[in-house]
Amino acid sequence: MLTRIMKPTSSGVEAAAGLLRKGEVVAIPTETVYGLAASALLPEAVAKIFAAKGRPQDNPLIVHIGSPEDLELYAAEVPEAAPMLAKAFWPGPLTMVLRKKPVIPDVVTAGMETVGLRLPAHPAALAVIRKAGVPLAAPSANTSGRPSTTTASHVAEDLAGKIPLILNGGPCGVGLESTVVSLTGDRPRLLRPGGISLPELEAVLGPVDCDPAVFRSLGEGERPSAPGQKYRHYAPRARVVPVKGADGTAISRIQAECEAAAGQGLRPAVLCFDGEQGHFPGAVCLSYGVAAQPQSLAAKLFDSMRRFDALPADVIFVRLPPSGGMADSVINRIMKAAEHQAIDAGE
Ligand code: TXA
Ligand code: MG
């Protein structure tokens, strides 16, 4: 299949909407990451998403809507918290999990009785949803297991030849996926940290429970509330080794780990903060932003992970920012890429 790449001009949006109405899949930009969209109301179209990504069938998709009022169309119950969150964070990087109405097909929710709903902020995403006139099921537009895509060329790397159209809206601003919060229990529950931080959520909702899968890998028999959280994710081909600790100790520890890796015949790489490259002359080194500005790290994380795939690297040591706020979303993605194994260099 020939994959066209178009800008989200009116003809690009029209082309995307036309394909979506016909039951095709299209990659679209959102403010978080690129999404691989299909009409959420057409099961055969949704099945094409799973096929193009190689996505496990038990992992439900987020449904993207074009207006907050659409909540009522797809959610069987709209608890008080939902409009509060919509008012605070929509359009934007927040997904609410609610009980679903039967109009949402089972293939979208992997048979679950709930559906994740999100109103994205990217103008091209909104234009496509509104023009198509249907809600769009859209996971991140990457091959399953690989880092999510934040540019149209990332999408082409993974999906060229498999989908008819990629809308190129430039690099995604947030760079990490939406925050997923479930409103189906007695208390709101964070299933995946993302573009909205936990303190921001709690400022609106009061205390929010955190699913254990947010912080650690689950044991035998434990199930995450967001099925996607059980898979290794976001990973470049090389092994990822996060290193936490104060600047000086973490840098020295990474230097020692690089030497040790090289001694074993492995090619070491480092993902560090801006201005630190000079500390790692023996390693392939990229920087991903400023530790004190976690938004800057989020914006470059997936692009950096993908760049390492083109570089001679067998093991990537990654500097972790201090936890808190948006940094926790960045740390979550890195820890998942590393299957929750990290080095603690100390303070
Ligand atoms: O920012 C985003 O959310 C992007 C853009 C394209 O909107 N989408 C995205 O989708 O990240 P995906 O499929 O890569 O991740 C969706 C996550 C998965 O971990 C999935 O298990 C969880 O949300 N999820 C979706 N529906 C759910 C539901 N009904 N209950 C629990 N978890 C759900
Ligand atoms: Mg994904």
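**Ligand site, nonpolar cores and backbone geometry**

Student: How far is an oxygen atom of ligand 1 from an N or O atom in the side chain of Thr-32?

Tutor: This is a predicted model, in which local features need pLDDT of at least 70 and side-chain atom pairs count only at pLDDT 80 or more, while totals for chains, interfaces and linings use all residues. Residues are numbered from 1 along each chain as its sequence is written, chains are lettered from A and ligands numbered from 1 in the order in which they are written, and side-chain values use heavy atoms, leaving out hydrogens and water. A polar contact is a pair of N or O atoms within 3.5 Å (within protein, one must be able to donate a hydrogen and the other to accept it, and residues adjacent in sequence count only if both atoms are side-chain atoms). For Thr-32 and the ligand 1 oxygen, the distance is 2.7 Å.

Student: Which residue places a backbone N or O atom 3.4 Å from an oxygen atom of ligand 1?

Tutor: Asn-59 uses a polar side-chain atom, 2.7 Å from a ligand 1 oxygen. The backbone atom at 3.4 Å belongs to Pro-227.

Student: What percentage of the area that ligand 1 exposes alone does the protein bury?

Tutor: Accessible areas come from the Shrake-Rupley method with a 1.4 Å probe; for residues, only the protein chains shown count as cover. Alone, ligand 1 exposes 680 Å², and the buried share is 97%.

Student: Which residue is joined to Trp-90 by a cis peptide bond?

Tutor: Trp-90 is among the residues touching the most other members of the largest nonpolar core, which has 48 residues. Such a core is a set of buried Ala, Val, Leu, Ile, Met, Phe, Trp, Tyr and Cys residues joined through side-chain atoms within 4.5 Å. The cis bond has omega of about -5 degrees, and the partner of Trp-90 is Pro-91.

Student: Where is Pro-91?

Tutor: Helices (H or I, at least four residues) and strands (E, at least two) are DSSP runs, numbered from the N terminus. Pro-91 sits in the loop between α4 and β5.

Student: Is Ala-110 buried, partly exposed or exposed?

Tutor: Ala-110, in the loop between α5 (106–109) and β6, has a positive phi near 55 degrees without being a glycine. Buried means under 20% relative accessible area, exposed over 50%, partly exposed in between (1.4 Å probe, protein chains only). Because its relative accessible area is 26%, Ala-110 is partly exposed.

Student: What is the relative accessibility of Glu-339?

Tutor: Glu-339 is another residue that is not a glycine and has a positive phi, about 50 degrees. Glu-339 counts as partly exposed because its relative accessibility is 47%.
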